[in-house]
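Trainee: I would like to learn how to read a model of this kind with some care. Could we go through it feature by feature?

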Amino acid sequence: MPALTAMLLDAVPADRAGTASAVLNTARQVGGAIAVAAFGALLAGANTFLAGMRWSMLLAAAGLVLTAGATLTLPRKGRRDGEV
């Protein structure tokens, strides 16, 4: 999370940093709550724990792949001379 927060705050103007940070934290908390609810429903609704766990992990892996693909479409800032 610290790397994501730093990247986000670097990408927005300084006067909007507080709002950007709040939006990031809200999205993180809502995403966590939805994930717990969705994975819990999959585990509870499956005939066996193992079947529910497989569906949960498959859903999590698909979400990871989609997120990774979406990050490739983000614009990138070019490095300035002297930056590491």
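Trainee: What is the mean pLDDT of the protein, and which element has the lowest value?

Mentor: This is a predicted model, and pLDDT gives the predictor's confidence in each residue on a scale from 0 to 100. Here the mean is 82, with 89% of the residues reaching 70 or more. Among the elements, H1 has the lowest mean pLDDT, at 79, whereas helix H3, residues 49-71, has the highest, at 88.

Trainee: How many helices and strands does the protein have?

Mentor: There are three helices and zero strands, and the order along the sequence is accordingly written α-α-α.

Trainee: What share of the residues counts as buried?

Mentor: A residue is called buried when its relative accessible area is under 20%. By that cut-off, 5% of the 84 residues of the protein count as buried. The accessible surface of the protein amounts to about 6,900 Å², and carbon and sulfur atoms account for 68% of that area.

Trainee: Is serine 56 buried or exposed, and why?

Mentor: Serine 56, which is found in helix H3, is buried because its relative accessible area is 1%. If neighbours within four places in sequence are left aside, serine 56 is in contact with Phe39, Leu42 and Leu43.

Trainee: Where does alanine 38 lie, and how many residues separate alanine 38 from leucine 59 in sequence?

Mentor: Alanine 38 lies in helix H2, residues 17-45, and is partly exposed, because its relative accessible area is 28%. Alanine 38 and leucine 59 are 21 residues apart in sequence, while their C-alpha atoms are 9.5 Å apart in space.

Notes. Residues numbered from 1 in each chain as written. Predicted model: local features only at pLDDT ≥ 70, side-chain atom pairs only at ≥ 80, totals over all residues. Heavy atoms only, no water. Helix = DSSP H or I, 4+ residues; strand = E, 2+ residues; numbered from the N terminus. Buried < 20%, exposed > 50% of the residue type's maximum accessible area, 1.4 Å probe, protein only. Areas by Shrake-Rupley, 256 points an atom, 1.4 Å probe, with all protein chains shown as cover. Contact = heavy atoms within 4.5 Å.
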